[in-house]
Structure formats: C-alpha cells, structure tokens
Amino acid sequence: MSNFVKQQEERKEIKEKEKLSRENLGKFFFDLAKLVFTSMALVGGVSLIVNEARIQQGILATIGVSLTYTFAAIGYKILKR
C-alpha cells in the first residue's frame, strides 16, 4: 500500500510541476506581448517627432499589432491547456 501512496504523490508532484511550468511559459509570452506593444508605442511616438514616412509608420504599427496578438494568443493557449 505504501508503494501506491508514493506513486500517487509522485504523480501529484509531476502534475504540479507541469502546471507551474505552463503558467510560467504563458506569463512569458504575455510579457513578450507587452514588450512588443510598448516598443511599438515608443517607436510610433518617436517616428511622429522625427517625421518618418506614413508608410513606414503603418508598416511598423502593423508588425507591432500582429506580433502582440500572436504572442498574447500563444500565451492564452498555453494557459488554457
């Protein structure tokens, strides 16, 4: 009986470690999304001051929004799994 209890405890520990690992990985991707969004906002602000071309600003905004969405979606899928 004690062998069964040990196996149950080991399984519980493994599940707990996997859950913690998924949570950390999900948080990492959400942090990447926040970092990309902040970088996009800073670059957008600077490009307004420097008077960059509108096409360049649009490209940077599109890339920033798509990367932010991608990283947030990956983080969400990892956390909901």
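**View 1. The pairing of helix α1 with helix α2 in the predicted model****.** In this predicted model, helix α1 covers residues 2–50 and helix α2 covers residues 54–80, and their axes come within 8 Å of one another while crossing at roughly 165 degrees. An angle over 145 degrees counts as roughly antiparallel, and α1 is therefore roughly antiparallel to α2. The crossing in which α1 passes α2 is left-handed. Where α1 is in contact with α2, the residues of that contact divide into 20 nonpolar, six polar and two charged.

**View 2. The protein as a whole.** Two helices and zero strands are found in the protein. Its radius of gyration is 21 Å, whereas the globule rule gives 12 Å for 81 residues, so the protein is more spread out than a compact globule. The C-alpha trace, followed along its principal axes, spans about 75 × 15 × 10 Å. Of the 81 residues, 15% count as buried. Among the contacts in the protein with a separation of 6 or more, 84% are accounted for by residues 24 or more positions apart.

View 3. When its neighbours within four places in sequence are left aside, Q57 is in contact with S47, L48 and E52. Of these partners, S47 and L48 fall within the range of residues 2–50 that makes up helix α1.

**View 4. V65 and T62 of helix α2, each viewed together with M40****.** V65 lies in helix α2, and with a relative accessibility of 49% this residue counts as partly exposed. The C-alpha atoms of V65 and M40 are separated by 8.0 Å, although the two residues are 25 residues apart along the chain. T62 is also found in helix α2, and its relative accessible area of 54% makes T62 exposed, since exposed means over 50%. From C-alpha to C-alpha, T62 and M40 are 9.4 Å apart in space, with 22 residues as their distance in sequence.

**View 5. Y69 of helix α2, viewed together with Q8****.** The place of Y69 is in helix α2, where this residue is exposed, with a relative accessible area of 61%. Y69 and Q8 are 61 residues apart in sequence, and their C-alpha atoms are 39 Å apart in space.

**View 6. R81 in the segment after α2, viewed together with F4****.** R81 lies in the segment after α2, and at 70% relative accessibility this residue counts as exposed. Between R81 and F4 there are 77 residues of separation in sequence and 28 Å in space, taken from C-alpha to C-alpha.

Notes. Residues numbered from 1 in each chain as written. Predicted model: local features only at pLDDT ≥ 70, side-chain atom pairs only at ≥ 80, totals over all residues. Heavy atoms only, no water. Axes fitted to C-alpha atoms, helices over the stretch in contact; angles between N-to-C directions. Helix = DSSP H or I, 4+ residues; strand = E, 2+ residues; numbered from the N terminus. Parallel < 35°, antiparallel > 145°, perpendicular 65-115°, else oblique. Left-handed = near helix turned anticlockwise from the far one by under 90°. Nonpolar A, V, L, I, M, F, W, Y, C, P; charged D, E, K, R; others polar. Rg over C-alpha atoms; globule rule 2.2 N^0.38 Å. Buried < 20%, exposed > 50% of the residue type's maximum accessible area, 1.4 Å probe, protein only. Contact = heavy atoms within 4.5 Å.
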